[in-house]
Amino acid sequence: MSDIPKILIIGNSQAGKSTLAKMIGDHFSCSFMGTSRAIYDKLIADCVSVCTNIVYHKCMYRLKLSPKYGDLFRKFLFDAGNRMREDDPAALVKICLSYTNIVEGVRTKEEFQACKQLFDSVIWVDRPSTEPNETDELREEDADTVFDNTGTLEDLQQLVKDRFA
C-alpha cells in the first residue's frame, strides 16, 4: 500500500464520490473506504451485537439510498459522525486510512482541516446537478484537483486513467 498515494475524495452529496473512489481503487488494485463505512463499523462495534455485520451493512446501505429515508438517514450519519469526531476531528479518516489509502466522505471544515495533511492529494468531484445540502461544508476550492462528473462512467474512468497514468 506504500506505493499507492493517499487520496481524499470530496464533493457534494450524490456527486459521485464513491463511484470515483472505486474507480481510483480499481486503478491501484486496492479498495476504498468512506467515512460513512467508518461510522457503520463504529456503530456495529458499539451498539450492534445481535445481527451479523454483513446484514447490518446491507441494511445501512439500503437506507442511505432509499428515496423515502435517504436524506433523513444521511443526516443521522452526519450527526453520528459528529459525535464520533468530538475528541478527534480526524478520527473517522484515521479509521479509513488504517484499511486503505483511498478515502471519501469528509464533510465538515473541521474534519478536513484536521486530516488534509494526511493525504497526498485531495480531489473534488464536480457534478453541477448536485447542490450542497446541510451536511456539505466543503467546496471545490478545498481540493487540489477537480474531476468533472458530468459525462458518462466511461468519461470518468478516462479521467482516472489520464490523471494516474
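Visitor: Which residue does Ile-123 stand opposite in β5?
Guide: That's Thr-145. Before we go on, keep in mind that this is a predicted model.

Visitor: Okay, noted. And how many bridges link β4 and β5?
Guide: Four, and the two strands pair in the parallel sense.

Visitor: Is β4 mostly covered or uncovered?
Guide: Mostly covered: five of its six residues are buried.

Visitor: New topic: the nonpolar core. Which residues touch the most other members of the largest one?
Guide: That core has 25 residues, and the ones touching the most other members are Leu-8, Ile-10, Ile-39, Val-106, Cys-115 and Phe-119. As for where the core comes from, β1, α2 (35–47), α4 (70–84), α5, α6 (109–115) and β4 each supply at least two residues.

Visitor: What does Leu-8 touch, if I skip its neighbours within four places in sequence?
Guide: Quite a list: Val-103, Val-106, Phe-112, Cys-115, Phe-119, Ser-121, Val-122 and Ile-123. There's also a second, separate core of 16 residues, and Ile-7, Leu-20, Ala-21 and Phe-147 are included in that one.

Visitor: Let's switch to Asp-142. Where is it?
Guide: Asp-142 is in the loop between β4 (121–126) and β5 (145–148).

Visitor: What does its side chain make a polar contact with?
Guide: With the side chain of Lys-109, at 3.0 Å. If you leave aside neighbours within four places in sequence, Asp-142 is in contact with Ile-10, Lys-109, Phe-112 and Val-122.

Visitor: How many aromatic pairs are there?
Guide: A search of the whole structure finds one. The rings belong to Phe-28 and Phe-164, with centres 5.4 Å apart and planes at 70°, so the pair is edge-to-face.

Visitor: Which parts does that pair tie together?
Guide: Phe-28 is in the loop between α1 and β2, while Phe-164 is in the segment after α7, so the pair ties together parts that are 136 residues apart in sequence. Phe-164 also counts as buried, at 12% relative accessibility.

Visitor: Which residues have a positive phi without being glycine?
Guide: Gln-14 is one of them, with phi of about 70°. Ser-29 is another, with phi near 55°.

Visitor: And where are those two?
Guide: Gln-14 lies in the loop between β1 and α1, and Ser-29 is in the loop between α1 and β2. Gln-14 counts as partly exposed at 44% relative accessibility, whereas Ser-29 is exposed, with a relative accessible area of 70%.

Visitor: Last one: what does the side chain of Ser-98 reach?
Guide: The backbone oxygen of Ile-95, at 2.6 Å. Ser-98 lies in the loop between α5 (91–97) and β3, and it is exposed, with a relative accessible area of 53%.

Visitor: How far apart are the C-alpha atoms of Ser-98 and Met-33?
Guide: They are separated by 9.8 Å, although the two residues are 65 residues apart along the chain.

Methods
Residues numbered from 1 in each chain as written. Predicted model: local features only at pLDDT ≥ 70, side-chain atom pairs only at ≥ 80, totals over all residues. Heavy atoms only, no water. Polar contact = N/O pair within 3.5 Å; in protein donor to acceptor, adjacent residues only side chain to side chain. Contact = heavy atoms within 4.5 Å. Buried < 20%, exposed > 50% of the residue type's maximum accessible area, 1.4 Å probe, protein only. Pairing = 2+ DSSP bridges. Core = buried A, V, L, I, M, F, W, Y, C linked by side-chain atoms within 4.5 Å. Phe/Tyr/Trp six-rings, centres within 6.5 Å; stacked < 30°, edge-to-face > 60°.
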